[in-house]
Amino acid sequence: MSQAVEAREADASDDRGTGGGLHLRSLTKEFASFTAVKSLDLDIPSGSFFALLGPSGCGKTTTLRMVAGLETPTSGTITLGDRDITWEKPYRRPVNTVFQNYALFPHLDIFENIAFGLRRRKRSDVKPAVEQMLALVELESQARKKPAQLSGGQQQRVALARALINNPEVLLLDEPLGALDLKLRRSMQIEIKRIQTEVGLTFVHVTHDQEEAMTMADTVAVMNAGVIEQMGAPAELYENPRTTFVANFLGQSNLIEGTVVGREGDVVTVDMQGTVVSVPTARAHLETTAGHRAWVGIRPEKVLIAEVGEVIDAPGNSIPGGVISDVSFVGVSTQYLVRMPWGQELQVFEQNTGRRRLFRTGESVDVSWRPDYAFLLDHEQDASAGIDRSDLPS
């Protein structure tokens, strides 16, 4: 491990020990016609990889730009450790930003692009520092090439190295992989996470890509209309969403109308279209008094499907009367639409292990799921919130 990396890790450890990190308090940004960020409170621990996830216009990039000093808050504060940076000039903040377009200097080679910040500050140890960064991003052999001679992924790594060499307390990543194709984007997700783990700095990553946020971040905050809908570890948000927006935006969900029957101990029972189902109280995010209307939620890959009358390997209720309305083979899995007796189509994803035959359109089936996988949301929430309309047929 290099001395520079050891120093950063020591700094991060000291920061954590004194309650450091990035803190936003009542942060608000109002424009003439709308409020982009609404009284945002956020604590990002030092040394963590944090993702702000949400659709276009949700306020995530505005939040990032306020932290960077590129937008002035209407109200609220931004602190790094004990230092208030709310009104500081961008160049005085211990913060660097990596943008989607990389902003590399085309006339400078890779070595000089990375060295740029140090040369401006008239540092004397430029060469060893740049060589350490080139090693970190695995581009030692490309040092004397121009940016145009590199691939998109390599240019992204140069941009990271140029930002990291200034030893910021926080690195801001603004849709950094948006310009890359899918295969390269996935490999860069792993690469950026490796770099963050090695240097131990705080990374704040803004993205609209759910897979990107879940792959890279320790903590994800899902933003919608200027506020955070839910924040937590990726698995927690996916498995136990607290709002219909999170349920739909982070993956896909089946949301089925129901009415609360009652609560007994750790279980809430719900009349779901004539079938009584159970949901753990820890996954019920609403008032659980009898008669309260609700959405029973279940992820498509958690739904089991079987021929009529076949025993389903789940300790839940078997729901009969389904008919396959669509079959999509996507290699690793088959995605079914199953029309239920009440008219709703449920999504069912089944892995193609080779142990079962594919169902055909028009076949009658039963469905079921384990109660522990279901979640319960308030019916007053919009069941279509968070769905990407661009993927729907016009």
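Author: Across the interface of domain 1 and domain 2 there is one salt bridge. A salt bridge here is a side-chain nitrogen of Lys or Arg within 4 Å of a carboxyl oxygen of Asp or Glu. The partners are K302 and E239, and their closest N and O atoms are 3.4 Å apart. Side chains of opposite charge can pair when their charged atoms come close.

The model is predicted: local features need pLDDT of at least 70, side-chain atom pairs count only at pLDDT 80 or more, and totals for chains, interfaces and linings use all residues. Residues are numbered from 1 along each chain as its sequence is written, and side-chain values use heavy atoms, with hydrogens and water left out.

Now the two sides. Domain 1 covers 22-239 and domain 2 covers 244-378, with bounds from an automatic or database domain assignment. Their C-alpha centres lie 38 Å apart. Domain 1 gives 14 residues to the contact and domain 2 gives 10. Contact means heavy atoms within 4.5 Å.

Together the domains bury about 1100 Å², and 64% of that is on carbon and sulfur atoms. Buried area is the accessible area (1.4 Å probe) that two parts lose on being put together, summed over both. In domain 1, Q210, Y238 and E239 lose the most area to domain 2. Together they make up 51% of what that side buries. E239 is also the salt-bridge partner of K302.

Polar contacts come next. Five residue pairs make them across the interface, both residues at pLDDT 80 or more. Such a contact is a pair of N or O atoms within 3.5 Å; within protein, one must be able to donate a hydrogen and the other to accept it, and residues adjacent in sequence count only if both atoms are side-chain atoms. On the domain 1 side, the elements giving two or more residues are α7 (210-216), β9 (219-224), β10 (227-232) and α8 (234-239). Helices (H or I, at least four residues) and strands (E, at least two) are DSSP runs, numbered from the N terminus.
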